[in-house]
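Please look over the model below before reading my notes. They go point by point.

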Amino acid sequence: MIKQILGRLPRKPSKSSENREFGGSSTPSSNATSGSSSYDLVSNRPVNTDHMPLPGFDSASNLGDGQGSKFPQVGNPRLNGNSVVAPYEALPGFRDVASFEKQNLLIRKLNLCCVLFDFTDPTKNLKEKDVKRQTLLELVDFITSANGKFTETVMQEVIKMVSVNLFRSLSPQPRENKTLEAFDLEEEEPLMDPAWPHLQIVYEFFLRFVASPETDAKLAKRYIDHSFVLKLLDLFDSEDPREREYLKTILHRIYGKFMVHRPFIRKAINNIFFRFIFETEKHNGIAELLEVLGSIINGFALPLKEEHKLFLIRALIPLHKPKCLAMYHQPLSYCITQFVEKDCKLADTVIKGLLKYWPITNSSKEVMFLSELEEVLEATQPPEFQKCMVPLFRQIASCLSSSHFQVAERALYLWNNDHIENLIRQNRKVILPIIFPALEKNGCNHWNQVVQNLTVNVRKIFSEIDPELFDECLQKFKESEAKVEEIRTQCDASWKRLEEIAAANSTE
């Protein structure tokens, strides 16, 4: 029994086994040419790395699938504990080895950086964490200064290291148990990832790798595949804004470099939006994804494809529905405006979409809608404006009558835009009768003095450009008010009679 127990205990590795695990000695590889003046990194010869992986890693595994189960969290099961069985030491610098050894050293350093540490406890593995940080910085410098195409072996190891470090389960948000109405990121402190000192360098390394002219897109797409892109998109839900900023830049670079992935990336973002709109209404990275899309939409060729128009109708316009619109409204408004500027015929669709999701009880959201509406109208041409002006100005009339002064004020500011004012002038015979009652009531009864002053200015504009129409609308308004007053008087009289009858019956 004792022998069986002792037999299960880990044995101390010999020096020879340690050398095998960390790549052996620094003697030149038999496959390398001693007279080579450039890095092996630029050659197309595969490098045998079976003798170089860290304990627990399979360097020959296909990283394109990005399966998290293939990558153990640490090189040694006890690395996150108080003791480390396998040594974790810095490797020689790239300047300290011959040119033909640099590719092997690069791969060894990438494997070294595949070991993860526990950053929730700042007292653990301080030496090892510093070694990894310095190694990551060396890798960033090496990738930046590379002067030849990266081989497939290097790409595979790069994607492996990036996947191991970045693809993880995100920390639970402290407000996930709160009600939806309280979900407002502007009032919450973002959750900062304690591992960010290392994650930042990994992101910087990957960004430079993707952006490098030495990265062949045709070769790299085998490893930066659909599975990898999906896992990258999942990270946009990180609560750390620094991480989302890096992800935004990297995704944009990938979209620009890997043309074969463009339709898939758009579809994947589309699916994220659908889940956010119709299921969860919770996601931290909607603003960053929209910023990427803003640049993508800006590059759409004309005429717009039907696929792109459907994306506008099914995803972008419904994004006005969630209550946390304030978190991403600015990039969303930019995307919407880009579509209208590229195809003015979409203005009618966009405006009717805004009216469909127009808020009823949320005044701050209503102000955002009015701001976006102004940008859309500025790109709208008369034919499209005429298609939607009746329902549009019914809603604007409702905004003019709002007791919330910011809503009424923002609606009146539409007349400060020359293009919009010109559209209204051209169609005043339809528009003025719709909004005239709201203008009259505001000018006399609104509690806010600024709203009253702006209303007087708008009334003056209409009275100057078409006095006859203005007088006609004024006369109809007075007649309407007289009828309302007559009905009110009749109602009061009826109630008074009922009260008298009730009083008479009670005394009998």
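Predicted model: local features only at pLDDT ≥ 70, side-chain atom pairs only at ≥ 80, totals over all residues.

1. Residues are numbered from 1 along each chain as its sequence is written, and side-chain values use heavy atoms, with hydrogens and water left out.

2. Start with histidine 261. It sits in the loop between helix H9 (241-257) and helix H10 (262-280). Helices are DSSP runs (H or I, at least four residues), numbered from the N terminus. Histidine 261 counts as buried because its relative accessibility is 4%. Buried means under 20% relative accessible area (1.4 Å probe, protein chains only). Beyond its neighbours within four places in sequence, histidine 261 is in contact with Lys221, Ile224, Asp225, His226 and Val229. Contact means heavy atoms within 4.5 Å.

3. Next, the helix pair. The axes of H9 and H10 come within 9 Å and cross at roughly 140°. Axes are lines fitted to C-alpha atoms over the stretch in contact, with angles from 0 to 180 degrees between N-to-C directions.

4. Helix H11 (residues 286-298) has 13 residues. Its first and last C-alpha lie 18 Å apart, close to the 18 Å expected at 1.5 Å a residue. The expected span is 1.5 Å times one less than the number of residues.

5. H11 is largely enclosed by the rest of the structure, because 10 of its 13 residues are buried. Among them are Leu289, Val292 and Gly294. The buried residues of H11 pack against helix H8 (226-234), H9, H10, helix H12 (306-316) and helix H13 (329-342).

How values were computed:
Helix = DSSP H or I, 4+ residues; strand = E, 2+ residues; numbered from the N terminus. Buried < 20%, exposed > 50% of the residue type's maximum accessible area, 1.4 Å probe, protein only.
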